[in-house]
Amino acid sequence: MKIKPLKELVIGILGGIAIAALICALIRSGLIAKESHEALIKTTVKVCIGLIVLIVDLLCAWGLLRTILTAYIERNGVDSEGKIESVQTIAAPNRASADEWSDSMRFSLKISYTAAGKRYTKEFPPTPLISKRELYPNSLEVGETLKLKCCEKFPRLALIDIDALRTRERDEARKTRIHLIMLPLIITTVYIMAMIVIG
């Protein structure tokens with residue numbers, strides 16, 4: 001796990017503890033009347049659950065929008081070439097064998113490239129599950145060059161231009177689309193209904 005997300009998680013937890021401690025201190029000191037402290041706690045819980053629902057909704061919306069953005073870059077992107085700076089492989093949980101050539105895995109790549117006269121280094125999200133055999137003749141090794149497509153106006157928006165990867169990404173997007181639509185609909189509906197019932 002990377003340090004930055006872990007650090008953000010710890011800060012979020014500590015912030016929540018600090019807010020809860022502040023509310024408790026205000027109630028104990030008498031600055032908040034005993035009659036209203038239950039309403040304050042109830043409101044705080046509703047807001048926190050609402051924020052969690054909103055975060056899930058936004059993540060699902062990003063998953064749907066990402067496929068639209070990817071399709072736009074595929075059609076209108078500018079060709080570029082990048083050099084692989086680092087590679088992380090993530091093995092499939094149900095590996096059939098220990099053969100690196102034919103086992104499906106995900107690749108997390110850090111690639112440097114030039115677009116619109118500027119040098120960029122981007123850490124790409126993990127690829128869909130794919131084997132090295134399916135990627136051949138492309139080799140995802142440090143120092144190798146890869147074809148990229150970049151958005152002309154925003155060169156940081158780039159994607160790896162390998163046909164086998166593009167096909168796999170489209171297949172994964174098709175399979176997950178229904179989940180990305182239904183999950184936010186269900187949890188948002190449940191949240192709204194719970195707020196109506198609880199009042």
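This is a predicted model: local features need pLDDT of at least 70, side-chain atom pairs count only at pLDDT 80 or more; totals for chains, interfaces and linings use all residues.
Residues are numbered from 1 along each chain as its sequence is written, and side-chain values use heavy atoms, leaving out hydrogens and water.

View 1. For context, most residues other than glycine have a negative phi. Strand S2 covers residues 105-115 and is joined to S3 by six bridges, with the two running antiparallel. Strands here are DSSP E runs of at least two residues, helices are H or I runs of at least four, and both are numbered from the N terminus. Two strands pair if DSSP finds at least two bridges between them.

**View 2. The five-stranded sheet.** The sheet is open, with antiparallel pairing and the order S3-S2-S1-S4-S5. Its edges are S3 (118-123) and S5 (158-160), each pairing on one side only. Direction ignored, neighbouring strands are turned by 35 degrees against each other on average (axes are lines fitted to C-alpha atoms, for helices over the stretch in contact; angles run from 0 to 180 degrees between N-to-C directions).

**View 3. The largest nonpolar core.** This core holds 19 residues, and those with the most contacts inside it are Leu 109, Ile 111, Leu 140, Leu 146 and Ile 160. A nonpolar core is a set of buried Ala, Val, Leu, Ile, Met, Phe, Trp, Tyr and Cys residues joined through side-chain atoms within 4.5 Å. Buried means under 20% relative accessible area, exposed over 50%, and partly exposed in between (1.4 Å probe, protein chains only). S2, S4 (145-150) and S5 each give two or more residues, and S2 gives the most, with six. Leaving aside neighbours within four places in sequence, Leu 140 is in contact (heavy atoms within 4.5 Å) with residues including Ile 84, Phe 107 and Ile 162.

View 4. The bond from Tyr 136 to Pro 137 is cis, with omega near 15 degrees. Pro 137 lies in the loop between helix H3 (132-135) and S4.

View 5. A salt bridge is a side-chain nitrogen of Lys or Arg within 4 Å of a carboxyl oxygen of Asp or Glu, and the structure holds eight. Arg 168 and Glu 134 meet at 2.4 Å, N to O; this pair links H4 to H3, 34 residues apart. Glu 169 and Arg 166 also form a salt bridge, at 2.4 Å, and both lie in H4, three residues apart. Arg 166 counts as buried because its relative accessibility is 5%, whereas Glu 169 is partly exposed at 26%. Shared partners join Glu 74, Arg 166, Glu 169 and Arg 170 into one network.

**View 6. Asp 161, a buried charge.** Asp 161 is found in the loop between S5 and H4 (163-198). This residue is buried yet has no salt bridge, and Lys 149, the nearest side chain of opposite charge, is 4.6 Å away. For charges, Lys and Arg count as positive, Asp and Glu as negative, and His and the chain ends are not counted.
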